[in-house]
Amino acid sequence: MDFLNAIVLLSNYVLIPSLVYGSQLALGALGVTIVFGIMRFANFAHGEMMSFATVSTIFITWWFQSIGLTAGILPTALLALPFGILITGLLVWATERSVFSYYRQRKSKPVIFVIASVGVMFMLNGVVRLFIGTDEIIFMDGLKFLIKAGEFKKWSGLNEGLALKQTQVLTVLLAILAVAWLFWFLQKTKMGKAMRAFSDNEDLALLSGIDPEKVVRATWFISAVLITLAGVLYGLDKSYKPLIYFHLLLPIFAAAIVGGIGQPLGAILGGYIVAFSEVAATYAFKKFLRYLGPEGWSPEDLVQLLSTEYKFAVSFLILVLVLLIRPTGLFKGRVL
Amino acid sequence: MISVRNLYKHFGGVQAVNGISLEIQTGLITGLIGPNGAGKTTLFNLIAGTFPPDQGQIMLDGEDVSGLRPHQLFSKGLLRTFQIPHEFHSLTARENLMMVTLTLLRETLISAWFQRKTLHQQERKIAMKAEEVMEFLNIRHVADELAGNLSGGQKKLLELGRTMMVDAKVVILDEVGAGVNRTLLKEIGDAIELMNQEKGYTFCMIEHDMDFISRLCNPVIVMAEGKLLTEGSAEEVKSNEMVIEAYLGRGASSGLN
Ligand SMILES: Nc1ncnc2c1ncn2[C@@H]1O[C@H](COP(=O)(O)OP(=O)(O)OP(=O)(O)O)[C@@H](O)[C@H]1O
Ligand SMILES: [Mg+2]
């Protein structure tokens, strides 16, 4: 009984949350990695693009709600998602045309692109707040819980409850779908193959008739899809706050780099590694250990490595460790 | 086929191509020789659109193509090989060859889902072609190796193989023979002649091996210091004093005689 209680407790506070958070990070890191694989620069504006995508989706959601269009037990934001993707696609394309394509034509060094993307990041950060303000926004509607903690307790007869939010299931499902689609696209379609060829050897790809403009366009579009999914799913699951996506940049970059930047599989694995470490390092294991230990025994303190305010330190630490020990990341070599 | 007019290209202080004008005649195998650093590769890079010229004009089949990018020239039937071999190192040798035909496949997002059969047939044909090319170049046994792991000579052959995968109008070869063994070199020469005679490909090739050049090329163009030195048959060029001087330094021809 105690053992089951321990398992449920761990699932509720560590396993499920990190699986969900890991999926969100994986989607974010995939976007960073795809852009890096093709254009060879780390897009620092990625987080703010996620913020922009979420805000666009929120506005569309509000509009749908105001005309009475909802999705029943599903969140209305799901209906708004395709429009969010389109708007984000337009934004990303506008930054490409107005900023990045200029440097590409001049064949600028990657570091110039990185700095340009930092500029885009600051600009978007301001623009987004101008439109939506600085308040926290909860835009999740529909059925909140699929499994409620109280009901679970009654049903199972355990002391510990297990809660499962709809957003958690949606996140994992949509992440699986997006990843499956992305891998199918990269492996099987002509454009996917062209992208991989381009990432491997740009000169040779051009010589095989591959149009670099088309490759860049497809890359930004895929990145826009991943950006919107990651941003909206994170916002739905937690809530929207303007600076939250700015802070997410660190764990997302950590995830992309742990897996080996430019490696889609690595980005996914990296997302889960960072998420599990972050959640586990900030969780107080006291109660969990009490269940496992002998009757009447209890650990002295909380058994918590870091207090939750320091959770971003985990990504930072992982990043530093990877760069020191294995700078190429877990998967090296093959890009895209 | 290709005509170059008054072309200039510099890198920093180096005037790599210094006002060159020349013709690559349709249906011929033209040789391009010259001492190291003469600007031959740079000229090829200009023709193939790797970078635009500082000044001057490049015509392909009567059409001004100066400043076009390599993928645009590919669709106009121009193929090239690199002096330092390029390959998709995360793909196998076979996949490398098949990649050349990627943009020629008819595929849309819809057909990728619904017409897999026709796509499959197209791909089978291309795979068979790749098989043939590898057989010919003696690299069939490394077909499934990652191209990045091939030897220097095998990579050279893969470069040549790429040009055999699709129908081209004009192929420019940058030292395909360098680092390839003698026996195979002869066969490569035969293949180039065959493609030239039967398929009507126009070739222009940079090569340092004079025997190879004499056997295949007529005319031979000589470059030195970014300029056109002379043009003629291999025999004429070999006995030209300016050419000997360019290769061996000033005063060498008189010293030799
Ligand atoms: N990308 C480049 N950047 C800077 N300088 C270059 C570049 N490419 C060529 N050069 C310079 O231009 C000159 C001509 O080089 P090029 O490669 O065209 O000679 P080449 O005739 O092909 O010589 P080789 O027979 O040795 O291959 C050289 O002085 C070289 O240093
Ligand atoms: Mg050269």
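Predicted model: local features only at pLDDT ≥ 70, side-chain atom pairs only at ≥ 80, totals over all residues.
The contact between the chains draws on 24 residues from chain B and 20 residues from chain A. Together the two chains bury about 2300 Å². Carbon and sulfur atoms account for 63% of that area. On the chain B side, the greatest losses of area to chain A fall on H71(B), F88(B) and L102(B). These residues together contribute 26% of what that side buries.

Polar links also cross this contact. Eight residue pairs, both members at pLDDT 80 or more, are in polar contact between chain B and chain A. Three helices of chain B, α2 (70-75), α3 (93-99) and α4 (109-114), each supply at least two residues of the side that touches chain A. By residue type, that side of chain B holds 12 nonpolar, six polar and six charged residues. One salt bridge is counted between the chains. It pairs K193(A) with E123(B), and the closest N and O atoms are 3.4 Å apart.

The largest nonpolar core has 152 residues. Within this core, M195(A) and Y240(A) touch the most other members. Another core, of 27 residues, lies apart from the largest one. Its members include L43(B), L73(B), C204(B) and I221(B). In soluble globular proteins, nonpolar side chains tend to be buried together.

M195(A) also belongs to helix α7 of chain A, where it is buried. This helix spans residues 190-200, and nine of its 11 residues are buried, so it is largely enclosed by the rest of the structure. The buried set comprises K190(A), G192(A), A194(A), M195(A), R196(A), A197(A), F198(A), S199(A) and D200(A). These residues pack against four helices of chain A: α1 (2-39), α6 (166-188), α8 (202-207) and α9 (212-237). They also pack against α3 of chain B.

Over all chains, the structure contains 19 salt bridges. Side chains of opposite charge can pair when their charged atoms come close. One such bridge joins D144(B) and R94(B), with an N to O distance of 2.4 Å. D144(B) sits in the loop between α5 (116-137) and α6 (152-165) of chain B, while R94(B) sits in helix α3 of chain B, so the pair ties together parts that are 50 residues apart in sequence. D144(B) is exposed, at a relative accessible area of 55%. R94(B) is partly exposed, at 21%.

A further bridge links R140(B) to E131(B), whose closest N and O atoms are 2.6 Å apart. R140(B) is partly exposed, with a relative accessible area of 38%. E131(B), in contrast, is buried, with a value of 18%.

E159(B) and R162(B) form another salt bridge, at 2.8 Å between the closest N and O atoms. Both residues lie in helix α6 of chain B, three residues apart, and are therefore separated by about one helical turn. E159(B) and R162(B) are both buried. Elsewhere in chain B, salt bridges with shared partners form one network of R94(B), E131(B), E135(B), R140(B) and D144(B).

Methods: Residues numbered from 1 in each chain as written. Chains lettered and ligands numbered in written order. Heavy atoms only, no water. Contact = heavy atoms within 4.5 Å. Buried area = accessible area lost by both parts, 1.4 Å probe. Salt bridge = Lys/Arg side-chain N within 4 Å of Asp/Glu carboxyl O. Polar contact = N/O pair within 3.5 Å; in protein donor to acceptor, adjacent residues only side chain to side chain. Nonpolar A, V, L, I, M, F, W, Y, C, P; charged D, E, K, R; others polar. Core = buried A, V, L, I, M, F, W, Y, C linked by side-chain atoms within 4.5 Å. Buried < 20%, exposed > 50% of the residue type's maximum accessible area, 1.4 Å probe, protein only.
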